[in-house]
Amino acid sequence: MSPTLADGPPVIEMNSFKVRTKDLLGRLGEMRTKSGSFETPTLAPVISVSGGPLSAKEIKDMGFDLLITNAYLWMRKGESRDIHSILGVDGPIMTDSGAYQLLVYKSVDTTNEEIISFQEKINTDIGVVLDTPTGMVSEEEARRTVEKTIKSEQEALKIISNREIIWTAPIQGGTYQPLLKEMVEAASAMDYPLYALGSPTPLMEGHMYSKLFDVLYSVRMMLPPQKPLHLFGAGHPSIFSFAVALGADTFDSAAYALFAKEGRYMTVMGSEKLENLKEFPCSCPVCTAYRPSELLKMDKKERERLLAKHNLYVSLAEIKTIRNAISQGKLWDLVESRARASPELWEVFKNFGLYSRGFLYHTQVRNPGARGFSVIDSNSTQRPELLWHLESIKKILDSESEVSITTRYFSNKAPLSAYLVGFPFVITKRPLLKVYPIYFAKYNQPNHDEEIAFIRERLPPLLKEKSVTVIGDAELAKALKDAGLSVSFTSAEVQP
């Protein structure tokens, strides 16, 4: 049996994570540390050891409740004070172990024992075990990183003495699913209070979002659901909603400062070079006080500082938007709107159907509240509310060997016992059109040809090995026959 943190002195009760509301794989929750609590999901801005454009106090005063800085670099700098004194702020602080430097430079001048002891010495609130990042490597090399990380996390359990700190176990394995499974199973058995998806930076920088989010979803689904998950280096606010929807409770980013240094102005849809802007499309304190032309004339350091501040305001606003979306059950709608930001994100969203069962498991679809939801096109029909509807209808269909169906064009002439098929619900009993979730769906009706194509794609798996009678719609009967179903056609006019 693997050792766990529970094998040592007890963790104090305040070190806990509690979930209040769920939507998709996103959770509104609270994480309590020895220095205070913060709401999740949340972004932890990276505080540079070498001095960034903004101080930790400035960032804290903007409304960020969690900050992250690099313990390894502070150790190299010779610091030994309390990290809160070093940064000049109170409240929760997370420290990284130096694994990013290991990913970039292939080595670090420390050991697991040294960096754990140092994080305890500086009194961090959330510490990270020294792992071995995977990055973009061969499967053989990825296995080596997984084995070393597992060994490091097992070793850490014997080294850790301060169990008031929330210790983080990184998950390595890159995009290799078998290795991820092995890593998660081993790390879960150690029962760390926080887990983190390690070394996503190469995927992020290469805009390989589909691979990144596949990994994030897989890890979230394999981890114990009560455990929070951190995503290192989440980057741009345009991807925050995706990260949350696929399971990240916390994430960090230095992008606000890196983009500012390059003169790039963040929006939730992307970023713009400052010189390309005539006006600022934002009402944050920076954008209401200055025009783009005024920033361009400033000293470079002051311009960088103001851009960094704007970039953080945009990031914080997106976090608040995400929290509102979760509380309203509208995280899918937010992700769908953000997917229009880039072709890479749109490809991710088109694959959301692959995650629907995981969403269904976590989403509280049986509590419709007073709000509707939008169905834009066939991609939107993968949302968990409609999947739940299909799961419910399938239970009825499973008991029937003969099924009569019709489309909305002929529904008034078909018997009430006939199923109604069409966009966006695929198949339903007509009385269910007046109840949740169909009644709450807002959508535009496609033309007849588009609807037949939609039905032909989605309906056959539900009706295979059944005798199907199509009432009234000859084109539908032909389409389903071509799809391999056993179909007969009956004119609507002869129905009783």
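## Helix 7 and helix 9

The crossing of helix 7 and helix 9 is right-handed. This is a predicted model. Helix 7 covers residues 177-189, and helix 9 covers residues 209-222. Their axes come within 10 Å and cross at roughly 35 degrees.

Which residues of helix 7 and helix 9 meet? Helix 7 brings Gln 177, Leu 180, Lys 181 and Val 184. Helix 9 brings Asp 214, Val 215, Ser 218, Val 219 and Met 222. By class, this contact of helix 7 with helix 9 divides into five nonpolar, two polar and two charged residues.

## Helix 5 and helix 6

A right-handed crossing also describes how helix 5 passes helix 6. Helix 5 spans residues 112-121 and helix 6 spans residues 139-159. The two pack at an angle of about 50 degrees, with their axes 10 Å apart. Helix 5 and helix 6 are therefore oblique to each other.

On the helix 5 side, the contact is made by Asn 112, Glu 113 and Ile 116. On the helix 6 side, Ser 152, Glu 155, Ala 156 and Ile 159 take part. Three of the residues in the contact of helix 5 with helix 6 are nonpolar, two are polar and two are charged.

## The chain as a whole

The protein chain holds 21 helices and 20 strands. Its C-alpha atoms fill a box of roughly 90 × 65 × 40 Å along the principal axes. The chain has 496 residues, and 55% of them count as buried.

How much of the contact in the protein chain, at a separation of 6 or more, comes from residues 24 or more positions apart? Such pairs account for 68% of those contacts.

In soluble globular proteins, nonpolar side chains tend to be buried together. Here the largest nonpolar core has 104 residues. Tyr 192, Phe 213, Leu 331 and Phe 352 touch the most other members. Helix 14, residues 300-328, gives the most to this core, with nine residues.

Phe 213 shows who its partners are once residues up to four places away in sequence are set aside. Phe 213 then touches Ile 239, Phe 242, Ala 243, Leu 246, Leu 345, Val 348 and Tyr 355.

## Buried residues in loops

Leu 54 lies in the loop between strand 4 (42-47) and helix 1 (56-62). Is Leu 54 buried or exposed? Its relative accessible area is 6%, so Leu 54 is buried. Beyond its neighbours within four places in sequence, Leu 54 is in contact with Ile 59, Tyr 256, Arg 305, Ala 308, Lys 309 and Leu 312. Lys 309 is 255 residues from Leu 54 in sequence, yet the two C-alpha atoms are 7.5 Å apart in space.

Asn 379 sits in the loop between strand 14 (373-374) and helix 18 (384-397). Asn 379 is buried because its relative accessible area is 18%, and the cut-off for buried is under 20%. Neighbours within four places in sequence aside, Asn 379 is in contact with Trp 332, Trp 346, Phe 349 and Lys 350.

Most residues other than glycine have a negative phi, and most peptide bonds are trans. Two residues with positive phi come next. Leu 24 is not a glycine, but its phi is about 55 degrees. Leu 24 is in the loop between strand 1 (16-23) and strand 2 (26-33). With 1% relative accessibility, Leu 24 counts as buried. Glu 465 has a positive phi near 65 degrees. Glu 465 is in the loop between helix 20 (460-463) and strand 19 (467-471). Its relative accessibility is 82%, so Glu 465 counts as exposed.

Where are the cis peptide bonds of Pro 41 and Pro 424? The bond from Thr 40 to Pro 41 is cis, with omega near 0 degrees. Pro 41 belongs to the loop between strand 3 (36-40) and strand 4. Phe 423 and Pro 424 are also joined by a cis peptide bond, with omega about 5 degrees. Pro 424 is in the loop between strand 16 (419-422) and strand 17 (426-428).

Note on methods
Residues numbered from 1 in each chain as written. Predicted model: local features only at pLDDT ≥ 70, side-chain atom pairs only at ≥ 80, totals over all residues. Heavy atoms only, no water. Axes fitted to C-alpha atoms, helices over the stretch in contact; angles between N-to-C directions. Helix = DSSP H or I, 4+ residues; strand = E, 2+ residues; numbered from the N terminus. Parallel < 35°, antiparallel > 145°, perpendicular 65-115°, else oblique. Left-handed = near helix turned anticlockwise from the far one by under 90°. Contact = heavy atoms within 4.5 Å. Nonpolar A, V, L, I, M, F, W, Y, C, P; charged D, E, K, R; others polar. Core = buried A, V, L, I, M, F, W, Y, C linked by side-chain atoms within 4.5 Å. Buried < 20%, exposed > 50% of the residue type's maximum accessible area, 1.4 Å probe, protein only.
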